[in-house]
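Work through the exercises below with the sequence and coordinates at hand. Each task is followed by a stepwise solution.

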Amino acid sequence: MDIRQLRYFVGVVEAGSFTKAAATLNVAQSALSLHVRQLEEGFGTQLLVRDRTGISVTASGDKLLEHARTILKEIQLTEAELTNTVAAPSGEVTIGIPSGAARVLSGPLLELVRSELPRISLKMIEGMTGPLEEWMAAGRFNLAVLYRTAESVGPMTVLAREEFCLVVPPGQPPFEDSIPLADLHAFPLAVPMRNNNVRRSVADVVVQHGCMLDVRFEVDSLSTIIDMVMEGKAYSIFAPSAVQKEASQGEVRTVKIVDPVITRSVVLAVNPKDERSPAVSAVRKIIPKVAKTLIESRRWSATAPDAA
């Protein structure tokens, strides 16, 4: 017995004859007769009585009809449920996102998920990159936006590429548009802790080029560092996205670091155990679209990966 035989059997009974069922099911009458006969042989009992007016159902056939309808209905419901899960996924999706990227990405992402994936509840955890890396490794997130050097992206999706800059208090030097890496030692810095990806990325390049940094403050709070720069207490080093709002309002200035330029990739990572989740997959597909739109509209001071 297979599902097709059950469908044909129910079709014949409901049509009242093999001829009508063949037309309704778009199956040759001989094929229908063969499948019903195979069912009867399999069960070892007659299911239908054939006569000149059509067919009638035996007692055994009546029992099979009841069960067959139930089985086919369950299959139909299962197919509909699985199809709807893919077409309109639902559930909670948790994403970790660094404070800098969150300042440009969070609002548009939440808005697009709400409009395009209304059955998904997006839970966003913002933080500094050190803890986020640890939490993602521990499996606390379905997805995470992380920072990587160009050489360590691996299989993750690249959302954007950013270049680091010196964040300068208003009215303070340097007044040029760019500054060589070797000249950064002249400015007292407030930077994240050593386990922070931003700190590591800059420190690695500084060491490679034999330069020095004057780190006065180590603070694991983006907002606190920005406040310190705005108040003229320190300088800092970030990607422009971290201070885009303050720079646009003239509360800080950004000066591009050159010789060399320090670049990082903003990537999207997925928890391996969630790769087949319809809800996670749906959000995972939307995030690169949001990033691309922000970059193209210049609301994110970054470069799209395909243009880098």
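The protein has 10 helices and 13 strands, where helices (H or I, at least four residues) and strands (E, at least two) are DSSP runs numbered from the N terminus. The model is predicted: local features need pLDDT of at least 70, side-chain atom pairs count only at pLDDT 80 or more, and totals for chains, interfaces and linings use all residues. Residues are numbered from 1 along each chain as its sequence is written, and side-chain values use heavy atoms, with hydrogens and water left out.

**Exercise 1.** Describe how helix α1 packs against helix α2.

Step 1. Two packed helices are described by the angle between their axes and the distance between the axes.
Step 2. Axes are lines fitted to C-alpha atoms, for helices over the stretch in contact, and angles run from 0 to 180 degrees between N-to-C directions.
Step 3. The axes of α1 (residues 3–15) and α2 (residues 18–25) come within 8 Å and cross at roughly 120 degrees.
Step 4. Angles under 35 degrees count as roughly parallel, over 145 as roughly antiparallel, 65 to 115 as roughly perpendicular and the rest as oblique; α1 and α2 are therefore oblique to each other.
Step 5. For the contact (heavy atoms within 4.5 Å), α1 supplies Y8, G11, V12 and A15, which meet F18, K20, A21 and L25 of α2.
Step 6. By class, this contact of α1 with α2 has six nonpolar, one polar and one charged residues. Ala, Val, Leu, Ile, Met, Phe, Trp, Tyr, Cys and Pro count as nonpolar, Asp, Glu, Lys and Arg as charged, and the others, Gly among them, as polar.

**Exercise 2.** Is I3 buried, partly exposed or exposed, and which residues does I3 touch?

Step 1. I3 is found in helix α1.
Step 2. Buried means under 20% relative accessible area, exposed over 50%, and partly exposed in between (1.4 Å probe, protein chains only).
Step 3. The relative accessibility of I3 is 32%, so I3 counts as partly exposed.
Step 4. Not counting residues up to four places away in sequence, I3 touches I71, L72 and I75.
Step 5. The C-alpha atoms of I3 and L72 are separated by 7.7 Å, with the two residues 69 apart along the chain.
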